[in-house]
Amino acid sequence: MTYVVVENCIKCKYMDCVEVCPVDCFYEGENMLVIHPDECIDCGVCEPECPAEAIKPDTEPNLASWLKLNAEYAKAWPNITAKKEAPADAKEFDGVPNKLAECFSPQPGQGD
Ligand code: SF4
Ligand code: F3S
């Protein structure tokens, strides 16, 4: 199994998660992060750290499409291990529906 980053990360991108990951398996897009499923060791410490509750174990139902997105973009985006400043409007996007369709950016972030 692995943990996956899901929709509510988009445009929240708080990055508290990267500080606690013991194997540095987060990758940075322009407006969200993903977890590399082959590198995650399922320790679970990132899940409670996310203020947007956007990290889930893949044992939860209906996460197949998010697992696929995490796997795909972990290969394309740069590694991130240190927290940066969250977007100024992060709070406004917490819980907003349809962020994948309306806000997702496939562009890479800057990484570390
Ligand atoms: Fe990293 Fe552990 Fe979270 Fe996997 S579950 S991404 S290893 S902190
Ligand atoms: Fe995203 Fe939560 Fe990390 S909002 S960047 S998964 S702390």
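How many residues of the shell around ligand 1 are nonpolar, how many polar and how many charged?

## Ligand 1

The shell around ligand 1 divides into 12 nonpolar residues, one polar and no charged. Here Ala, Val, Leu, Ile, Met, Phe, Trp, Tyr, Cys and Pro count as nonpolar, Asp, Glu, Lys and Arg as charged, and the others, Gly among them, as polar. This is a predicted model, in which local features need pLDDT of at least 70, side-chain atom pairs count only at pLDDT 80 or more, and totals for chains, interfaces and linings use all residues. Residues are numbered from 1 along each chain as its sequence is written, ligands are numbered from 1 in the order in which they are written, and side-chain values use heavy atoms, without hydrogens and water.

In total, 13 residues surround ligand 1 (a heavy atom within 4 Å). Cys21, Cys40, Cys43, Gly44 and Cys46 are the closest.

## Ligand 2

Around ligand 2 you will find Cys9, Lys13, Tyr14, Met15, Asp16, Cys17, Leu33, Cys50, Pro51, Ala52 and Ile55. That shell has nine nonpolar residues, no polar and two charged.

## A look at Ser105

Now to Ser105, in the segment after α4 (99-103); helices are DSSP runs of H or I with at least four residues, numbered from the N terminus. Ser105 counts as buried because its relative accessibility is 9%, and buried means under 20% relative accessible area (1.4 Å probe, protein chains only).

Leaving aside neighbours within four places in sequence, Ser105 is in contact (heavy atoms within 4.5 Å) with Glu30, Asn31 and Trp77.

Definitions and conventions
Helix = DSSP H or I, 4+ residues; strand = E, 2+ residues; numbered from the N terminus. Buried < 20%, exposed > 50% of the residue type's maximum accessible area, 1.4 Å probe, protein only.
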